[in-house]
Protein chains: 4
Amino acid sequence: MKMLTHMDKPGEECGIFGVYGHPEASNITYLGLYALQHRGQESCGIVSSDMNHLHAHKSMGLVADAFSEDVLKDLRGPSAIGHVRYSTTGDTSVNNAQPFVVEYSMGEIAIAHNGNLVNAGILRDELEAYGSIFQSGMDTETIIHLMATSREGSLINRLTYALGRVRGAYSLLLLTEKGMIAARDPNGFRPLALGRLKDAWIVASETCAFDLIEAEYIRDIEPGELLFIDNNGLESRKPFEEAPYTPCIFEFIYFARPDSKIFDGANVYTIRKNLGRELARECHVDADVVIAVPDSGVPAAVGYAEQSGIQLQVGLIRNHYVGRTFIEPKETIRHFGVKIKLNAISDVIKGKKVVVVDDSLVRGTTSRKIIKMIRNAGASEVHMRISSPPTICSCFYGIDTPTKKELIASSHTVDEISRFITSDSLGYLSVDGLYRAVESAGVDFCDACFTGVYPLELPENVIQPQLRLFSGL
Amino acid sequence: MKMLTHMDKPGEECGIFGVYGHPEASNITYLGLYALQHRGQESCGIVSSDMNHLHAHKSMGLVADAFSEDVLKDLRGPSAIGHVRYSTTGDTSVNNAQPFVVEYSMGEIAIAHNGNLVNAGILRDELEAYGSIFQSGMDTETIIHLMATSREGSLINRLTYALGRVRGAYSLLLLTEKGMIAARDPNGFRPLALGRLKDAWIVASETCAFDLIEAEYIRDIEPGELLFIDNNGLESRKPFEEAPYTPCIFEFIYFARPDSKIFDGANVYTIRKNLGRELARECHVDADVVIAVPDSGVPAAVGYAEQSGIQLQVGLIRNHYVGRTFIEPKETIRHFGVKIKLNAISDVIKGKKVVVVDDSLVRGTTSRKIIKMIRNAGASEVHMRISSPPTICSCFYGIDTPTKKELIASSHTVDEISRFITSDSLGYLSVDGLYRAVESAGVDFCDACFTGVYPLELPENVIQPQLRLFSGL
Amino acid sequence: MKMLTHMDKPGEECGIFGVYGHPEASNITYLGLYALQHRGQESCGIVSSDMNHLHAHKSMGLVADAFSEDVLKDLRGPSAIGHVRYSTTGDTSVNNAQPFVVEYSMGEIAIAHNGNLVNAGILRDELEAYGSIFQSGMDTETIIHLMATSREGSLINRLTYALGRVRGAYSLLLLTEKGMIAARDPNGFRPLALGRLKDAWIVASETCAFDLIEAEYIRDIEPGELLFIDNNGLESRKPFEEAPYTPCIFEFIYFARPDSKIFDGANVYTIRKNLGRELARECHVDADVVIAVPDSGVPAAVGYAEQSGIQLQVGLIRNHYVGRTFIEPKETIRHFGVKIKLNAISDVIKGKKVVVVDDSLVRGTTSRKIIKMIRNAGASEVHMRISSPPTICSCFYGIDTPTKKELIASSHTVDEISRFITSDSLGYLSVDGLYRAVESAGVDFCDACFTGVYPLELPENVIQPQLRLFSGL
Amino acid sequence: MKMLTHMDKPGEECGIFGVYGHPEASNITYLGLYALQHRGQESCGIVSSDMNHLHAHKSMGLVADAFSEDVLKDLRGPSAIGHVRYSTTGDTSVNNAQPFVVEYSMGEIAIAHNGNLVNAGILRDELEAYGSIFQSGMDTETIIHLMATSREGSLINRLTYALGRVRGAYSLLLLTEKGMIAARDPNGFRPLALGRLKDAWIVASETCAFDLIEAEYIRDIEPGELLFIDNNGLESRKPFEEAPYTPCIFEFIYFARPDSKIFDGANVYTIRKNLGRELARECHVDADVVIAVPDSGVPAAVGYAEQSGIQLQVGLIRNHYVGRTFIEPKETIRHFGVKIKLNAISDVIKGKKVVVVDDSLVRGTTSRKIIKMIRNAGASEVHMRISSPPTICSCFYGIDTPTKKELIASSHTVDEISRFITSDSLGYLSVDGLYRAVESAGVDFCDACFTGVYPLELPENVIQPQLRLFSGL
């Protein structure tokens with residue numbers, strides 16, 4: 001056990017799933033988490049309620065490896081919540097796996113959180129000063145301590161108090177012995193959808209989880225909504241002041257699964273293909289073949305090929321057998337980098353002018369290696385096309401981006417980046433093009449990673465390092 | 001330890017890799033096996049030689065999970081061979097993992113085998129009658145016992161004797177303290193290629209392994225060739241009577257990786273796309289969209305779309321996080337079948353006439369589920385297109401096919417199969433179309449699974465069950 | 001993870017060890033815990049401080065199995081505390097292993113506790129009502145929460161406040177980044193000794209831990225003493241009202257190791273032999289041979305044989321290879337009971353009048369099986385002699401005794417017990433005899449298990465079930 | 001997997017157990033092995049037969065840790081054999097765990113062996129030259145290969161042939177689908193007893209295994225006897241030329257459990273006590289107290305004290321919690337040696353003239369450390385007494401002794417040894433005294449370790465290094 005340190009970097013991506021009122025709640029949750037596995041592969045957990053007690057199992061690793069039949073059988077009862085998590089903070093301890101479960105004065109409670117609380121550090125200092133002892137480095141734990149120290153009498157009021165004090169992005173599921181609560185922050189940064197499976201209520205980060213269990217999509221949990229589910233049915237509250245609805249545009253670009261519908265039913269694949277079409281309109285190039293960086297670049301590549309009329313081919317093959325512990329062998333065999341995951345098909349590429357489509361470009365190092373690989377396979381020209389604008393700022397609302405300093409586009413022009421990645425040309429989608437592509441979704445978005453405009457004020461200790469970097473621009 | 005039983009069903013697919021003369025031989029082999037992981041995910045192993053002794057590590061599971069840095073460090077020395085294996089015989093014991101290693105009168109020897117020996121059972125009975133004790137259920141072990149009981153004086157002559165007695169498909173690597181030997185059966189059923197990495201010699205089932213380690217492809221190990229590699233260089237022998245060169249056509253259709261070149265340099269992706277083009281020519285249908293069953297159906301779908309002019313879309317999303325121990329939950333949640341792996345994107349499919357392209361159709365049950373999924377997503381018509389001919393016979397040369405009885409096309413017409421899988425239409429590629437598509441490879445092939453013509457006679461105990469089934473045609 | 005429940009039964013035995021100022025503090029602690037393994041075999045843990053941070057490793061199982069060289073190397077720094085634990089509360093989770101480590105407003109702190117706090121449940125309810133969230137079911141955690149919620153400014157004052165609020169038995173070690181604290185409750189129920197190893201300070205439950213590491217015994221931590229150890233040396237405080245010194249007499253009878261000196265230097269073996277001599281004086285019987293129930297009955301048997309003049313023999317052999325997971329095979333092979341651990345030597349016993357000496361008799365079931373075994377080996381008479389008085393009450397200060405109801409002597413006469421265990425005669429040591437045997441120790445004792453007189457008042461929820469049982473006598 | 005090497009040193013001690021005709025054969029065998037655990041703690045295994053197939057489980061470590069309920073349930077059928085093993089050859093691989101199981105031309109067979117074959121290396125070379133492939137480094141495997149290559153028609157004749165070719169010590173159990181065979185070499189070096197449990201036959205190395213399962217001792221398997229047990233009952237054969245009966249005297253001195261009766265019913269404890277009495281007669285010394293080196297020295301110490309009239313005390317405490325992986329911490333804390341296992345009680349020893357009784361003295365290093373420990377505890381004089389003669393030669397029949405060179409008594413006088421171990425005096429039992437003590441057993445013995453007279457000729461490659469050493473005496 002390494003001692004805990006205050007979270008200094010938002011580096012956590014997650015998926016959450018819950019079911020209330022199903023005889024096989026933990027089995028359903030297992031499947032739901034499996035469908036949401038792309039949202040976090042580092043750790044996972046399920047907590048069930050048998051109406052008297054909670055039962056929990058958490059583990060490092062993939063859902064399919066973490067749960068056995070015996071474990072699922074022990075997770076008894078008709079309701080359950082689950083969580084998958086990815087973190088780059090190096091805090092790879094099962095202590096930080098969710099759902100987080102405690103016993104406090106009102107009984108047992110579990111919480112699963114997708115998002116990031118920007119004032120968690122400040123609240124933690126305050127709570128510790130009054131005697132609270134934290135068990136983890138998770139910002140999520142702050143919510144439970146606020147509930148525990150609240151002087152309110154009911155669970156509902158305690159949760160309202162706690163969420164009234166936190167700032168940031170949260171799609172939440174809470175489970176007590178008798179009920180389940182879904183909540184979404186007033187800005188609605190992260191997706192959260194309500195579904196129905198026979199008599200049971202389902203809540204999930206994305207609708208692809210509904211598809212697997214054959215549940216029906218009902219509606220999104222609304223921004224600022226607290227939805228209480230128990231044997232008396234649903235009770236919805238909106239206790240907080242209304243805020244602009246600013247869902248995360250990056251869910252469409254990269255994070256969500258293409259077969260999901262998010263943010264009131266917009267299909268991710270369709271929007272991603274639109275991004276590719278807009279990109280082809282904005283950054284046309286005369287070429288022989290369009291290839292995608294698999295898997296995430298495929299939908300935009302399809303759109304790009306359609307719009308440009310250039311033929312689409314499979315030019316890069318992805319090896320999915322990475323396993324949990326791939327070793328990059330030391331010494332003379334170095335720097336395999338993306339070669340571990342990707343290989344070029346020279347028969348497709350040799351002597352061709354190639355357009356390569358990827359969803360985003362963060363540090364530039366991966367693109368540089370991909371372009372080298374394509375050139376080695378014999379391409380005569382390599383044109384990089386990115387189906388989103390330059391990433392210039394870090395996310396503080398739940399997407400794991402590097403610090404601003406590490407984002408190549410925060411300090412370099414497109415030409416400079418093109419030279420760095422050694423492409424013959426580099427084209428990004430414009431912010432306007434981005435909005436055209438997603439307009440079918442019909443809402444405003446958080447686009448802070450592309451614009452630096454954060455819809456929710458960041459506390460000083462979070463924003464200051466950013467400001468220093470801003471001044472350097 | 002379950003006691004051993006004679007192999008009654010050829011159910012083993014494998015990949016092999018070897019390196020001679022590299023300071024980090026086991027690291028190189030680890031990477032090579034990782035690139036060949038698609039040829040077998042059940043078990044893997046590496047044996048190295050430090051010129052005095054062999055060192056071995058074998059394990060169930062994926063390459064990336066089976067080897068740690070410490071394990072690789074213990075696999076000392078400048079030469080190594082490795083093996084990945086998949087088996088449906090239920091014999092999931094690490095005892096049957098390869099390379100197989102023994103000490104016998106001539107010293108230590110390891111063997112890694114891709115293929116299937118059709119007279120292994122007969123030879124085993126004979127060897128046991130004279131006192132040999134087998135350690136595994138692998139047909140491969142027969143070769144070592146033949147070498148051990150040979151009265152020849154040299155390793156080369158013992159191996160020639162042993163391979164002279166076995167019948168069937170073998171691409172082999174053997175490792176002794178001082179040398180490495182590559183061998184390929186006279187028919188050349190399975191691929192095996194020779195490469196060069198600086199001063200080291202590399203041998204691998206497919207060239208995708210060369211790409212990862214940046215080795216250069218030199219040539220194939222020839223049918224009937226025994227290639228001895230030691231500090232004096234290469235020595236090639238062809239001690240056996242020449243046989244027709246009949247490489248496995250199914251490597252092109254399904255088994256090999258699209259980025260590999262096999263059988264004297266033919267690119268798998270290109271041929272697979274040709275299969276799709278021929279399929280479009282032979283089995284055209286008026287439709288709105290072409291989608292692939294990912295991942296193996298993608299190249300043929302690209303070809304089909306190109307040839308037919310119907311737009312290609314991503315209509316099915318594949319979840320790659322299956323893990324090692326996925327549980328299909330029992331009781332009320334049943335029969336998820338392909339839903340665990342695939343999900344349809346209804347925005348792509350709804351109201352559309354859909355062509356679905358897959359590489360082969362074995363039992364029909366998976367296709368039936370995929371078509372149901374596509375219909376549930378709203379397709380108005382579903383037309384199944386298979387980029388190979390009907391599979392009517394089992395393979396006895398190293399591809400894991402079910403028994404003839406289980407092959408739906410062995411006893412049903414195309415119309416019957418179409419009704420079973422509930423497609424609006426079903427089209428297979430013809431055998432002629434198949435040969436047009438692969439003609440660029442310029443060789444004859446083993447197509448027994450599609451024609452029932454086995455290029456190498458099968459012993460009675462193997463062929464008889466088949467013959468009984470044949471009579472039912 | 002099973003949810004936590006309030007501790008309803010004191011069922012925990014422990015050993016603690018600490019070192020301050022040694023370059024290999026965690027190695028030393030590992031050895032110290034190994035020497036104290038008899039005080040708890042269920043879980044163990046070590047926390048070290050590198051003067052900036054704490055490092056912890058806890059595990060179920062034996063010390064020798066729980067720590068590897070790598071683990072010990074990670075437990076960096078010149079100070080460390082450790083804990084071994086046995087519990088019958090069924091709470092076999094590593095969550096309840098100690099030392100307990102948290103980060104709170106004053107930094108990092110670890111605590112290791114031997115004893116039992118009788119008002120922990122009341123304090124926990126109170127702390128939870130004000131918002132504290134407990135991580136474990138350990139009474140020990142109460143102390144940390146009291147420290148965290150204290151309004152005092154310094155660590156010393158916070159600890160004084162916390163210990164001022166708890167009631168019960170505690171020998172404690174606390175470790176912070178900069179210092180180590182040893183504390184013992186005002187009654188001094190459990191042993192705790194201070195030693196010296198070159199420049200380092202050592203604290204241990206028993207002196208046998210000093211012997212292994214070749215440390216010198218300095219003195220006991222005194223009842224009611226708080227001893228602060230840091231780079232400035234030792235600082236002793238006695239902030240609490242003085243209480244009668246009532247160390248646990250059962251440490252001499254059974255719990256401590258025979259080679260230890262406890263409670264100001266009294267040797268356990270010598271006192272245990274005295275118990276046997278007094279027993280021989282009080283309960284003489286004409287017999288052929290004295291045998292011990294190994295290992296704990298051996299010293300008293302030696303004393304009994306010496307005093308009585310009857311020859312001592314090895315009549316029962318103990319199998320020490322019990323391992324961690326011994327399965328008592330089901331079905332027809334039942335009720336092996338003590339046979340798994342003990343076997344009689346019939347050549348020693350056959351035809352003989354046998355005196356069997358054991359240290360205590362709790363439920364009577366084990367004695368009954370031992371006597372059956374001795375009779376089956378051919379004894380003509382079996383006389384049971386117990387080197388302590390009848391156990392009539394449960395311990396609430398840190399010895400794991402069953403509930404009063406399960407103690408056979410709480411509701412049966414000696415004659416009834418003798419009939420139950422099928423002995424020809426049964427003799428207990430009297431309370432007077434007990435005090436004669438231990439008089440060399442020169443102090444008063446807690447003898448509540450034999451007399452029902454509890455030196456420290458028990459809270460109502462603890463004492464009431466006892467009172468009901470008392471009235472039944 | 002480390003490659004195999006020919007066994008160059010007999011370094012293996014074992015226990016074997018078998019049951020035929022009991023509904024819970026594997027459970028019974030588990031208990032039997034547990035009782036024989038003192039004969040080998042490194043690895044263990046059980047093979048059962050369900051009358052059609054054998055089922056096996058082998059593991060490193062203790063019996064109680066190696067078998068779970070699930071594992072035992074899979075070991076189906078009414079007969080089973082088991083094995084525990086200790087080896088110092090460093091060959092700590094589960095490959096060398098027994099029972100050894102193979103499939104050969106006559107079906108499945110398992111073998112469990114206690115003893116050592118002196119011509120195994122020669123036979124192995126011969127068998128390998130004719131094509132046999134060995135799976136392990138065990139001499140035991142030779143027997144199976146001899147059976148497999150035999151030209152005899154029946155199992156009985158094949159086994160007779162095989163045992164007719166091996167030389168050395170063997171107490172054997174073999175299991176086939178239909179029967180169990182017990183065999184003992186003509187010299188009867190190792191014990192092997194036949195018992196009865198209801199309708200089942202039991203065979204075990206020592207009778208303590210009968211006691212645990214409540215089986216009745218019937219008789220020893222006789223020297224040179226082959227006992228076939230199947231559904232038709234027992235069939236005994238003695239196909240070999242008679243040899244002098246020379247059971248191992250060291251079983252009495254050290255190896256067997258004190259509660260066992262071996263070699264036709266002689267109780268080990270009684271003989272061990274006799275050894276102590278003879279030792280007291282031969283090597284009297286004026287002293288205050290007799291203490292044993294626990295646990296093996298205790299019976300002789302009891303005898304010594306009885307005969308000498310000097311009082312017996314517990315002066316050394318043994319820590320039994322050594323676990324499987326005890327680390328002796330490196331760097332400054334060195335050379336704990338025996339302190340890990342033993343601690344002296346200074347209250348017993350201080351100012352006293354102490355007689356310390358141990359069963360044997362091999363290298364002298366342990367005794368030296370024990371004497372240092374006793375002196376540090378305050379003894380005024382330390383007199384070492386060994387209840388066997390000086391060990392001057394290695395055992396080649398199944399006891400793990402170091403090489404002759406390492407045996408201090410092979411090259412030093414008693415005085416020299418006494419100076420080396422720093423005792424005030426050292427006394428060994430004489431060979432005559434040894435025979436007086438064991439005379440109740442009424443047989444001749446192998447005493448080669450004390451006399452250098454080997455009852456069975458050793459092959460040249462084994463004996464020659466010995467002869468060279470002899471000439472140096």
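## Around C:Asp295

C:Asp295 sits in the loop linking β16 (289-292) to α10 (298-308) of chain C; helices here are DSSP runs of H or I with at least four residues, strands are runs of E with at least two, and both are numbered from the N terminus. The bond from C:Pro294 to C:Asp295 is a cis peptide, with omega near -5 degrees.

Chain B has a cis peptide bond too, joining B:Pro294 and B:Asp295 with omega about -5 degrees.

## About the model

This is a predicted model, where local features need pLDDT of at least 70, side-chain atom pairs count only at pLDDT 80 or more, and totals for chains, interfaces and linings use all residues. Residues are numbered from 1 along each chain as its sequence is written, while chains are lettered from A and ligands numbered from 1 in the order in which they are written.

## A positive phi

B:Asp264 isn't a glycine, yet its phi is positive, about 65 degrees. You'll find B:Asp264 in the loop between β14 (261-262) and β15 (266-267) of chain B.

## Where B meets A

Here 53 residues of chain B contact 52 residues of chain A, a contact being two C-beta atoms, placed from the backbone, within 7 Å. On the chain B side, α1(B) contributes the most, with six residues.
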